[in-house]
Amino acid sequence: MSADDIDVIVVGGGVVGSCVAGFLAEAGKGVMLIDEGLGGGSTANAGSLHVQMQSRFMQLYPENVPGMQRQLPLYPKAVRFWQAFEKKLGADFEIKKNGGLMVAETEEQLAFLRTKAAQERLLGLDVEILDRNDLDRMAPYLGPAVIGAEICLDEGKLNPLKCNAAIRRWLIRLGVVLREGEAVLTLAREANGFRIGMAKGANLRAETLVLATAAGTTSLAAQLGINIPARAEPLHMNITEATVPMIGHLVQHADRMITLKQFSTGQIVIGGGWPADIVGERNHPTVRLDSLVANATLARHIAPQIAPLRIIRTWAGVNTSVDGKGVLGPVPSVPGLHFAIPGDAGYTLGPFSANLVAAMVLGRDPGEDMTDYVPTRFS
Ligand SMILES: Cc1cc2nc3c(=O)[nH]c(=O)nc-3n(C[C@H](O)[C@H](O)[C@H](O)COP(=O)(O)OP(=O)(O)OC[C@H]3O[C@@H](n4cnc5c(N)ncnc54)[C@H](O)[C@@H]3O)c2cc1C
């Protein structure tokens, strides 16, 4: 494909940018996807398909709770979208929708979950409160400290390594031009489009530009006069050696930072938002020993049977947080410019959000009310 055949440039090759590029290519557009190759949330995430509101976000960013609640009805749709996407690509994403448990250890935490569940039910989620007897039947792997839980039946898990690889194969099949390992440094408006200054010196031109650059969006958007306050959150992850199947659910905690799940390989993936560092000139996410120890200790407390397992790998990645909601769609005052930031639990929301943005780029009805997600709301 020559430069003249490129209709749209998508910057940011995480799950969102990749899927926007793929959906546009499927619609017949010539698409170039640019990524600086440092990896973002999509190459580091835990593979949880989140639906219920995450207590971690509610505690860290209480000011974002109304935003999260507004976007909540999209989450079950996003999980169903992943399932349909897996079928469409003929791939195996290892999706399991066995439900997600948010556990409580005290009456106070259980009361918090009851209130949360009541609000979520009003927003259409399928959630219930379980007592210890229920958990003994359904989740005997939970330790004795757990007294109850909220279950959300739409939650589950997938294997992001498999998803990312299948999505990449799909882009190659569709003829998307992949320009990798090179950052976009400058953006400027010019007649009928944008001039894109690349780190290695070249300039590109695009009439239509989609910024799916997660936390990198703030500095790029500012050059076009748009304020997008995207925060980078470096986070820690652990994975154990494989063991017999024992944990069917996605497990979280009402008051502490943990996500716990078991992949089809038998490995237990332990995350939940423990901090990592960003170091060096390349802003590389790097693990912290205190996070490793605290995260693993908490996991063992919640599910004591995993105690003998060795942690075989740890890693860090950068999550992006805005105001609890996605930043999705066009900027009417800058024709041709679109944003694509999914919102909290952005891997869960990724392909679904990308499909909404692709529809808007194509001038089609996205099928959702997009008022909450307009990129100009911070101006
Ligand atoms: C450790 C961790 C665990 C997580 N676990 C989960 C989970 O279990 N479930 C869930 O739903 N979500 C999870 N998340 C969040 C989720 O991974 C992200 O929200 C999601 O992947 C964001 O996708 P994205 O495509 O918007 O951005 P990213 O995947 O961050 O991709 C953005 C891309 O833009 C590129 N980029 C940025 N600036 C530039 C530039 N100037 N030029 C060129 N390229 C640029 C970057 O290189 C990057 O590849 C987790 C995140 C982390 C860090």
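1. Helices α4 and α7 cross with left-handed geometry. This is a predicted model, so the points below describe computed geometry.

2. The axes of α4 (residues 74–89) and α7 (residues 160–174) approach to within 11 Å, with a crossing angle of roughly 50°. That angle makes α4 oblique to α7, because oblique covers what is left once roughly parallel (under 35 degrees), roughly antiparallel (over 145) and roughly perpendicular (65 to 115) are taken out.

3. On the α4 side, the residues in contact are W82, F85, K88 and L89. Their counterparts in α7 are C163, A166, I167, W170 and R173. By class, this α4 and α7 contact holds 7 nonpolar residues, 2 charged and no polar ones.

4. Elsewhere there is an open sheet of 6 strands with mixed pairing, in the order β8-β2-β1-β12-β21-β20. Its edges are β8 (177–180) and β20 (327–330), each of which pairs on one side only. From one strand to the next, the twist averages 20°.

5. For G329, the bridge partner in β21 is F339.

How values were computed:
Residues are numbered from 1 along each chain as its sequence is written. This is a predicted model: local features need pLDDT of at least 70, side-chain atom pairs count only at pLDDT 80 or more; totals for chains, interfaces and linings use all residues. Side-chain values use heavy atoms; hydrogens and water are left out. Two strands pair if DSSP finds at least two bridges between them. Helices (H or I, at least four residues) and strands (E, at least two) are DSSP runs, numbered from the N terminus. Axes are lines fitted to C-alpha atoms, for helices over the stretch in contact, and angles run from 0 to 180 degrees between N-to-C directions. A crossing is left-handed if the near helix is turned anticlockwise from the far one by less than a right angle, and right-handed if clockwise. Contact means heavy atoms within 4.5 Å. Ala, Val, Leu, Ile, Met, Phe, Trp, Tyr, Cys and Pro count as nonpolar, Asp, Glu, Lys and Arg as charged, and the others, Gly among them, as polar.
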